[in-house]
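Q: Before we go through this structure feature by feature, could you show it to me, so that each general idea can be tied to a case in it?

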Amino acid sequence: MGLILLFLIPTMAFAGMAVALVGILGAAIPWIASHPWGAWAMDPWFQALIKLALLVLLVVMPIASLLTWMERKQSAMMQDRIGPNRAGILGWRGWGIPHFVADAVKMIMKEDFVPAKANRFLFTLAPLMAIIPVFVTFAIVPFGATVCPHQLLQVVNETTVNSCKDAIPLQTARIDVGLIFYFAIASLAVYGTTLAGWASYNKWSLLGGLRASSQMMSYEVTMGMAILGAFLVFGTLEPNAMVLAQGPNPIDWGIVKQPLGAVLFFTAAMAETKRTPFDLPEGENEVIGYFVEYSGMRFGIFFLAEFIEVVFLSAIMATVFFGGWQVPFLYADGFHLADRVFQMPHVVVLILQTTAWGLKVIIGCWFQLLVRWTMPRFRPDQLMNLGWKRLLPISLANILITAFVVLAIQAWGAH
Amino acid sequence: MEGAFKKRTSKAGVTVVPRPETLSKATWLPALAKGLGVTMRHFFTNIATGKDIATIPYPEEKAPYPHRYRGLHRLMLRDDGSVRCVACMCCPTACPAHCITIVAEETGNPNEKRPAIFEIDELRCVVCGLCVEACPCDAIRMDTGVHAHPTERRFEAVLGKTDLMSRGTQSIATQGGTKDWRDTEKTP
């Protein structure tokens, strides 16, 4: 019973989310645009704004705030405890899900404390520097295939999708630099933690900030190197093009073609999120961390930023290594199973694909929580050894081998 | 990894044996996968059945007390509902914590007294049960199994006669003993 609910509830939730996303972007906006007064709806800036707003409000924020509950509940299940089950809305306790509401209320009500000698401006700026880059990076995440608003109820194939009129990509910003943009923006997040550590005028937070900056800078190198292999294999940096290059057949997905790159990238990116095997910046029993002086919603923003990073890491892992929004064997015109084609209308395919994307993201989050509650924290020297002496050389070797294999395939024409 | 298993002797003469670094630990991943397997097994078992969960959700569900747990005192009652206690002062004499206060009064029956005041300070009580053993007429018992209630003020933890009698029941012992009690082999 519990297991069925465990799989059924997220699937239902993401199916609802997918219906909302596809409905608003694929049906409501073209409907507005079809009227003479609604031409502004096809404006790319308006669409980008709507997509980012929908993505953040319908997907990222709900998952991130539910993760605060999920982390406690999942850790409880892993440690043979019950976990949060007390907070309720009008007596409805729902396995403790209302706890995240209680947390939000608590954080808003708490005193907003600024230490006397802290640099007030930087102290205020730091949480924003931590959370804004994480939101911005979501612009490159493709959460579905391209919508052809005029053929929603028809069966379409790849060529009609590529050439259809008024196509709406389910991705906020389709920019060619793609993942480079992600690295550029994500490295801004280190300012948030370092500034928080420095501006609090506290030795422990300064130590935490220093640890954070050294750790994040070290692991960014590995992170970039680890994903280079995927660049070489798929020949593109643009996330949606990567998803298209992977195709609906799981044998072509990044995890099969770049297993080592996937492990390395996941490890390095987990170090970037500063969560438990790598939570030295906040090591509660050592230095408490860069946000030791933060209270109330300022702390809440750091807390939330961490969970949004978890969601984003899952999204990028899904995009680069797990076929993004691709459902296994689901092509634009329906399922292709062993020479048989089960045709489906465009809108059903879109909803299935967006649901699959959401499920991949939540499974990624689940796996990160699993790792977070399984591994103990590294020591700083172990962390640096792992980053520079193990992960970096292995990722460089991975690039070399991948490059040779790609070159060999190009030269000798295996397809 | 060279010399990972070599023993060294430190300056103080202590033999230092390095931790054995096996390949699975040195490369992290096999060891991590093993650990993830353990936590994942617990996760899915608890989601599916919840049989491993050790927590007792306290106010809804209470852990059973041990069989010999005594709990709060109670004063037993006679057939007419009055207190069995004859204010003989055995229990305050036996009490090592001096937590029992009895003030006796006349009953009109020249053979026995009764307590006007019978107070037990549950904060001082050490739950030894000596008062129960000292009682000659089965008036005081410590078998309710009721946990001492938390109170806001100290004097609320001093239980009076009515409170103690409220948990009391009728004893099957005969008040004052049976006439030929020496002949009775089975004492209830």
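Q: Let us start with a single residue in this predicted model: is Leu383(A) buried or exposed, and why?

A: Leu383(A) counts as buried, because 20 C-beta neighbours lie inside 10 Å and the cut-off for a buried residue is 20 or more. Leu383(A) belongs to helix α14 of chain A, residues 380-412.

Q: Which residues does Leu383(A) touch, if those up to four places away in sequence are not counted?

A: With those sequence neighbours set aside, the residues touched by Leu383(A) are Gln215(A), Phe278(A), Leu280(A) and Phe378(A). Gln215(A) is 168 residues away from Leu383(A) along the chain, and the C-alpha atoms of the two are separated by 7.8 Å.

Q: How should I read the overall form of chain A, and why is it described as being as compact as a globular protein of its length?

A: Chain A contains 14 helices and 5 strands. Its radius of gyration is 22 Å, close to the 22 Å that the globule rule gives for 415 residues, so chain A is as compact as a globular protein of that length. The C-alpha trace of chain A spans about 65 × 60 × 45 Å along its principal axes, and 45% of its 415 residues count as buried. Among contacts in chain A with a separation of 6 or more, 79% are between residues 24 or more positions apart.

Q: How many bridges join β4(A) to β5(A), and which residue of the hairpin takes a positive phi?

A: Strands β4(A) and β5 (residues 340-343) of chain A run antiparallel and are joined by 4 bridges, with Arg340(A) in β5(A) as the bridge partner of Leu337(A). The hairpin of β4(A) and β5(A) has 2 residues between the strands, and Ala338(A) takes a positive phi near 45° there.

Q: How is chain B built, and in which order do its helices and strands follow along the sequence?

A: Chain B has 5 helices and 7 strands, and along the sequence they follow the pattern β-β-α-α-β-α-β-β-α-β-β-α. The domain assignment gives chain B a domain 1 (22-54) and a domain 2 (74-166), whose C-alpha centres lie 56 Å apart. Of the 188 residues in chain B, 15% are buried.

Q: Which strands of chain B form an open sheet, and in what order?

A: The open sheet has 3 strands in the order β4-β5-β7 (chain B), with antiparallel pairing. At its edges stand β4 (100-106) and β7 (158-159) of chain B, each with a single partner strand, so one side of each is left without a neighbour in the sheet. Within the sheet, β4(B) is joined by 7 bridges to strand β5 (residues 113-121) of chain B, the two running antiparallel, and Lys113(B) in β5(B) is the bridge partner of Glu106(B).

Q: How many residues does each chain give to the contact, and what confidence does the predictor give the complex?

A: The contact takes 16 residues from chain B and 14 residues from chain A. On the side of chain B that touches chain A, there are 10 nonpolar, 5 polar and 1 charged residues. The predictor gives the complex an ipTM of 0.84 and a pTM of 0.82. For chain B the average pLDDT is 84, with 87% of the residues scoring at least 70.

Methods:
Residues are numbered from 1 along each chain as its sequence is written. Chains are lettered from A and ligands numbered from 1 in the order in which they are written. This is a predicted model: local features need pLDDT of at least 70, side-chain atom pairs count only at pLDDT 80 or more; totals for chains, interfaces and linings use all residues. Domain bounds come from an automatic or database domain assignment. Two residues are in contact if their C-beta atoms, placed from the backbone, lie within 7 Å. Ala, Val, Leu, Ile, Met, Phe, Trp, Tyr, Cys and Pro count as nonpolar, Asp, Glu, Lys and Arg as charged, and the others, Gly among them, as polar. A residue is buried if 20 or more other C-beta atoms lie within 10 Å of its own, exposed if 12 or fewer, and partly exposed in between; C-beta atoms are placed from the backbone. pLDDT is the predictor's confidence in each residue, from 0 to 100. Two strands pair if DSSP finds at least two bridges between them. The radius of gyration is taken over C-alpha atoms; the globule rule is 2.2 Å times the number of residues to the power 0.38.
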